[in-house]
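Colleague: I am new to this one. Could you show it to me and take my questions one by one?

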Amino acid sequence: MSTEILALIVLLPLLGALVNGILGARLPKGLVTLVACGSVLGAFLLSLGAVSELYSLRERVGADEAMLVTNLWSWIEAGPLTVSASFMLDPLSAVMLLIVTGVGFLIHVFSVGYMHSDKAYWRYFAYLNLFMFSMLLLILGKNILVLFVGWEGVGLCSYLLIGFWYDDMEKAQAGQKAFVTNRVGDFSFLLGVFILLFFSGGDLDFVRLRDVVGPAGALQDPLTITIICLLLFGGAAGKSAQFPLYVWLPDAMAGPTPVSALIHAATMVTAGVYMMCRLSFLFAASTTAMTVIALVGAGTALFAATIALVQNDIKKVLAYSTVSQLGFMVLAVGVGGFTGAIFHLMTHAFFKACLFLGSGSVIHAMHHEQDIRQMGALRKKLPVTAGTFFVSCLAIAGAFPFISGFVSKDEILFTAFTASHQGNSPMLVAYGLAAAAALCTAFYMFRLYYLTFEGEYRGDHHTWEHAHEEKVMTIPLVVLAALAVVGGLVGLPEVTHAPHLLHEWLHPVFATAMTHFTYSEAHELEWILMGVALTLALVGVFAARAMYKRPTADLPEAPTDAAWYRLLMDKWRIDELYAAVVLNPLRRLAGVLHTQADVKLIDGLFVRGTARLVGRVGDGLRVLQNGDVQTYVTAIVVGLAVLLLFVV
Amino acid sequence: MSLPLLTLLIATPSVGALMLAFVPAHQRTAHRVIGAAVAILVFLMSLPLLSAFDPAATGLQLVEDAAWIPSIGAGWRLAVDGVSLWIILLTTFLTPLILIGAHSAITHRVREFVIAMLVLETAMLGALCATDLLLFYLFWELMLVPMYLLIGIWGGANRLYATVKFFIYTMVGSLLMLVGIIYLYLLAGHSFDFAQILALKLDPTQQRWLFAAFGLAFAIKVPVFPFHTWLPDAHTEAPTAGSVILAGVLLKMGTYGFLRFALPLFPHAMGEFSPLVLVLSVVGIVYGALVAWAQSDVKKLVAYSSVSHLGFVMLGIVALNTQAVEGAILQMVNHGISTGALFILVGVIYERRHTRKITDFGGLAAVMPLFTTTFIIVTMSSIGLPGTNGFVGEFLILSGSMSEGLPVLPGTPWNAWPSLSVAAVVFATSGVILGAVYMLSMVRRVFFGPLTHDANRKLADLNLREILVLAPLVLLIFGIGLFPNLLLRPMHASVNALVERTRPVVSATRQPLEMAASPQLAAPKLAASTDAPLPEAAPAEATR
């Protein structure tokens, strides 16, 4: 099989997007569905083929050499810069490829049911396919610039899909906020790339960049490496919604719920984590940058979790939970646990997609009601949704031994804790923050579960009567829930003496980076840490159960007067802070520059002022030649007199 | 000697205009069809340039040299190189689109309109091909007249103010340039030949004064902040055709002038003025973007965005390395395409609603889906989304400029060239945020939200003619975005030659005074940046 398979995988969804985007309005709904889901299924099947090819290649040429490469054309050549349009499949992109096309396909299927009655059905699927195309560019790109095409492409699709119902100004505003906030991250990312480009001599190829940072490479100065890493991390913080750039993600919930599942939970938002893992050899070379990254990740994990504790919108809870879980992944990167980051990225894709689609099923059944205070007892009406949601809650909370989220989160906590043991003391803080976040996670997830599915129904009667779930929507839920249960098996902790399959698979990608870290062999510690994590999770679960699983329809009274509660309800008022400190001053500056600097000063005083001055001087000089002979004669006589005075 | 391709190219539009003079004025359709046909013919005639052009040659190509006014040493001297090639093609490509696009917007004095456009095309092509300074100046000033008429006759309510301002403002700059040209003419032994003038050895003082004269003319045309205030007025009052040609080609005459004349003729002064130009370019980028954000008129917003975009081009030119200069040339073409398309799109809704105020719209996506899609694609090109043309140009300019500043050695003074370059790139890159802010805010207010005005409910989507005009532009947006090498490759030899020739002098003089005062800093810097030995131009002062 030739390596053109990679190009084909990327092209299929693009074709789907073009067909539905151009002809969709005139095509029958069935055909739109077929094109949209078919192209993604095709990409998934081809991906399976490509990954198995990579696997067999690995057997033949060894793990370090195995890689599928497709060179399409030379994209940009100018001066020293040479960038080609090319793809590569290595173990890391293979994992991402399967997650993106697999979960992506399930969400496409779910969307068929969810968007069934929307009048712009075709446009939705055109955008969704365009997203798949961009995401595949992002993960298969062989150099930073191809990755960046995908990076911005997914941002564009996110913008279009958040504002999918564009006649609602608030939704359009949310889309714009997402785009602009991501651009703030891109600003930083681009600066990092510019500097990196200088030291790499115009080459951005991932494989060759490894040598640039290597022992004989051009990039050795630790300060420069730290600056580059921090700038690149700025980009990751935008895309992967880390503090302080996370603000767009909660608002992004304005989009259709399957979009939240696909883009704003399972795939796009993990792009920042993926990018840092892709450049692990670079990030690992800067201890300072790694410390900052770990602390930002752990801080974000706890910060977002505290907000999720009190939210009442089912999607908002999940959105903050996503921010928090992304924090865990970023923390993993920061402590050198690149495999752990990708592992958690994968398990999170399963359980969070399941949770979001579950919430979609609820919202669909509840006629677009999203307030969990208006729900309750929905398990009776939506049994499959409730069951899969419960399983996924266990997974994200890590409240059941060896369920996927338990294993992957444990790996991150273990890596952070042992890093602190090896003299990197700030990592103890990171571990503490993350452990606290884990406790909060268990609480808010089960608060959400009990308020939605258990207890008594609190909404209006009519909705209750009609509430039901659809098969096209429940099948993806069941598949995802199954994956959420067993997904952890590919990365069992070493203490169990089972092979860590994911670690072995990814080893060639992260080998260079791992040389910068010493990993603890103290695996008996792992039992203790697992025990701590499980205890924290169970405390959270049972606290939520005690508070929110109630036989009656009333809700526990929220401490609405307490300052801390209001602060959490208002999401720490970070949006207000940005408005006051950045946005409003900048807008005022723009206004002042326009009315004062441009219209009054530059154009008024300098330009038109000069014209007026010339006019005035002209007016003045006109007196001298007014055509009056007597004046002229007088002037001549006076002039002659003065001249004579001087001469004589 | 084969056909005088360039002469034919320059002459054809004017011959067409002359023919139109004999067609009775009331036969509007005939004028429109003939005008478009002539413009298309000129475009087709410009295509052989691509095959005749040798991408490996470093100097001027397709040289034509005929006697014109031998008594004063002025010749009909024409040539192209990798700097001008794509701007010439951009001109011949945009003109037919504009003529077809103006079909329904221009309904009175159609004959005069078509003639003005064709004469303008002659002037633009002439200015881009001329390698004789008098000839260049003639075409340069000839561009003003049709433009003056375009705004003055077919413009908006406040058109007289805008035309007079446009005319006088640009005239002031060009007159100073004329003085400079005459001075050079006298120095060169009574010749306007660019090659002879290029061979002159100008001392730093002469260069400084001449650069000021030429540079001001070009800076006004670009426009470089703070010489930009004629532009928003001219754009808002001009008809769509005028705005497209103004943004698409006329503004590039300024940046082209820097590359073709100011830089090679006065490298010493260019170096001295580089920090100033750098700062003004970056101020233009940020200032233009912020002021664009504050606009309530769509067309004014696009006009100010031009100030911002042309700031990027100037930034690439002063960085003066191959990467950045090629980015700058590419960005000139890109700006012509995407801003041209934006003005056409604004013209489309103006024709339907006779307003351009943002608040008069809202929710247009519901009634004009195709128009909305096109607008968003062009917006993405304008804000430099990768995959579109805008990204490649911006990326080359910014990364090229950044390499001017690296590595920043510890202890480098803040106003030294490397630190200035780094700071400039940081501020300029913030343009990617601001661009998204002002463009997307406008898109949101015009296209999204509920349909608030009844007058907008029945708006017709793009018609076939409008699609025909916009489709080539949209195709180019993606075409150049995906295959920029097609444009970059023919530039390599010319740009390399230009950089190699001028860079040693420029980079020697753009080191600020502090550097000279501290030799331990100046030494490694100079060694790093001037690989080639200084050419004759610098030590020439001694021989004078």
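Colleague: Which residues of α18(B) are buried?

Modeller: This is a predicted model, where local features need pLDDT of at least 70, side-chain atom pairs count only at pLDDT 80 or more, and totals for chains, interfaces and linings use all residues. Residues are numbered from 1 along each chain as written, chains are lettered from A and ligands numbered from 1 in the order written, and side-chain values use heavy atoms, with hydrogens and water left out. Buried means under 20% relative accessible area, exposed over 50%, partly exposed in between, with a 1.4 Å probe and protein chains only. In α18(B) the buried residues are Trp417(B), Pro418(B), Ser419(B), Leu420(B), Ser421(B), Ala424(B), Val425(B), Ala428(B) and Thr429(B).

Colleague: How far does helix α18 of chain B reach from its first C-alpha to its last?

Modeller: Helices (H or I, at least four residues) and strands (E, at least two) are DSSP runs, numbered from the N terminus. Helix α18 of chain B covers residues 417-429, 13 residues. The expected span is 1.5 Å times one less than the number of residues. That gives 18 Å, and the helix's reach is close to it, at 18 Å.

Colleague: How many helices and strands does chain B have, and what is its radius of gyration?

Modeller: Chain B has 24 helices and 2 strands.

Colleague: What share of the residues in chain B is buried?

Modeller: The C-alpha trace of chain B spans about 70 × 55 × 40 Å along its principal axes. The chain has 544 residues, and the buried share is 65%.

Colleague: And what share of the residues in chain A is buried?

Modeller: Chain A holds 25 helices and 2 strands. Its C-alpha trace spans about 120 × 70 × 55 Å along the principal axes. Of its 648 residues, the buried share is 60%.

Colleague: Is Gly217(A) buried or exposed?

Modeller: Gly217(A) sits in the loop between α7 (206-213) and α8 (222-239) of chain A. Its relative accessibility is 15%, so Gly217(A) counts as buried.

Colleague: Which residues does Gly217(A) touch, not counting those up to four places away in sequence?

Modeller: Contact means heavy atoms within 4.5 Å. With residues up to four places away in sequence left out, Gly217(A) touches Asp211(A) and Val212(A).
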